[in-house]
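Look at the sequence and the structure first, and then work through each task before reading its solution.

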Amino acid sequence: MRRAVLFLTAWMAVLPFAHGQWGRGWHPRHHIYTGLGFAVPGMDLTTFYQSAFLWNFGYGYRPLKYFQVDLGYEGAYNAARVKDYIYNPAAGYLRIRDFQTYLPLGARVVAPLAGGRIEFYGGGGGSYVRTAESLRQPSQWVRFECPDCVSRDGWGYFAMLGTGIAMNASQSVRLTVTTRVYRAETSGPPIGANPAIHTRERWVNTTFGFAFSF
């Protein structure tokens with residue numbers, strides 16, 4: 001978390017000097033992205049967790065042509081390999097599943113090539129990371145409580161690299177590939193085979209998707 005704060009502080013100091021060069025000309029300020037991919041655990045999670053299916057969506061705002069502030073969400077499923085059940089007299093056996101949540105808040109620098117048709121970007125910031133158990137509900141109209149479900153969470157930071165290729169002449173739609181590397185420290189009850197200890201986590205999350213600019 002300390003590194004994320006230093007990163008953002010440094011960029012706030014640079015922005016007044018960069019504005020004269022990076023703020024010229026019209027550019028789309030709003031960017032919405034979404035994608036699918038996979039999350040790979042590391043560090044203390046290597047023995048206990050597995051790679052998992054990943055999805056994400058987010059929003060970016062560009063106050064300057066080549067600088068963007070990002071707020072996003074990423075979610076993964078079954079990295080902890082939880083396969084528990086609880087019995088409910090009204091619905092029978094209900095599956096308990098595990099989900100991972102990543103909330104990145106940061107910024108990126110954008111480097112355009114080929115007249116802006118190709119963009120490379122890198123950045124980072126702070127993040128919230130959480131693994132939680134959830135009860136699979138029998139239907140969208142019926143909800144049952146899960147007294148056995150637990151969660152672990154903590155704060156950290158992330159670094160990001162990616163690229164986007166324009167799919168149309170106006171460059172408003174891009175095909176994207178993005179990798180975010182999260183580092184965090186979490187604590188809480190054990191989930192799956194993970195022991196109930198303070199855990200240093202690393203996640204390498206890669207997504208393939210689309211970005212829409214306007």
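This is a predicted model: local features need pLDDT of at least 70, side-chain atom pairs count only at pLDDT 80 or more; totals for chains, interfaces and linings use all residues.

**Exercise 1.** State how many salt bridges a search of the whole structure finds, and describe the one between arginine 180 and glutamate 74.

*Solution.* The search of the whole structure finds 5 salt bridges. As background, side chains of opposite charge can pair when their charged atoms come close. In the salt bridge between arginine 180 and glutamate 74, the N to O distance is 3.1 Å. This pair links distant parts of the chain, since arginine 180 is in strand S8 (residues 173-187) and glutamate 74 is in strand S3, 106 residues apart. Both arginine 180 and glutamate 74 are buried.

**Exercise 2.** Characterise the salt bridge between glutamate 119 and arginine 174, and find the network to which these residues belong.

*Solution.* The closest N and O atoms of glutamate 119 and arginine 174 are 3.5 Å apart. The two residues come from distant parts of the chain, with glutamate 119 in strand S6 (residues 118-135) and arginine 174 in strand S8, 55 residues apart. Because buried means under 20% relative accessible area, glutamate 119 at 11% counts as buried, and arginine 174 at 6% counts as buried as well. Through salt bridges that share partners, Arg62, Glu119 and Arg174 are joined into one network.

**Exercise 3.** Classify the geometry of the aromatic pair formed by tyrosine 102 and tryptophan 203.

*Solution.* The structure holds 9 aromatic pairs. In the pair of tyrosine 102 and tryptophan 203, the ring centres are 5.5 Å apart and the planes make an angle of 70°; because planes over 60 degrees apart count as edge-to-face, this pair is edge-to-face. The pair links tyrosine 102 in strand S5 (residues 92-113) with tryptophan 203 in strand S9 (residues 199-213), 101 residues apart. Both tyrosine 102 and tryptophan 203 are buried, and they form one aromatic cluster together with Tyr49, Phe158 and Tyr182.

**Exercise 4.** Identify the cysteines joined by a disulfide, and determine its handedness.

*Solution.* A search of the whole structure finds 1 disulfide, which joins cysteine 146 to cysteine 149 with an S to S distance of 1.9 Å. The torsion about the S-S bond is about 80°, so the disulfide is right-handed. Cysteine 146 has a relative accessible area of 16% and is buried.

Key: Residues are numbered from 1 along each chain as its sequence is written. Side-chain values use heavy atoms; hydrogens and water are left out. A disulfide is a pair of cysteine sulfur atoms within 2.5 Å. Buried means under 20% relative accessible area, exposed over 50%, partly exposed in between (1.4 Å probe, protein chains only). Rings of Phe, Tyr and Trp (its six-membered ring) pair if their centres lie within 6.5 Å; planes under 30 degrees apart count as stacked, over 60 as edge-to-face and the rest as tilted. Helices (H or I, at least four residues) and strands (E, at least two) are DSSP runs, numbered from the N terminus. A salt bridge is a side-chain nitrogen of Lys or Arg within 4 Å of a carboxyl oxygen of Asp or Glu.
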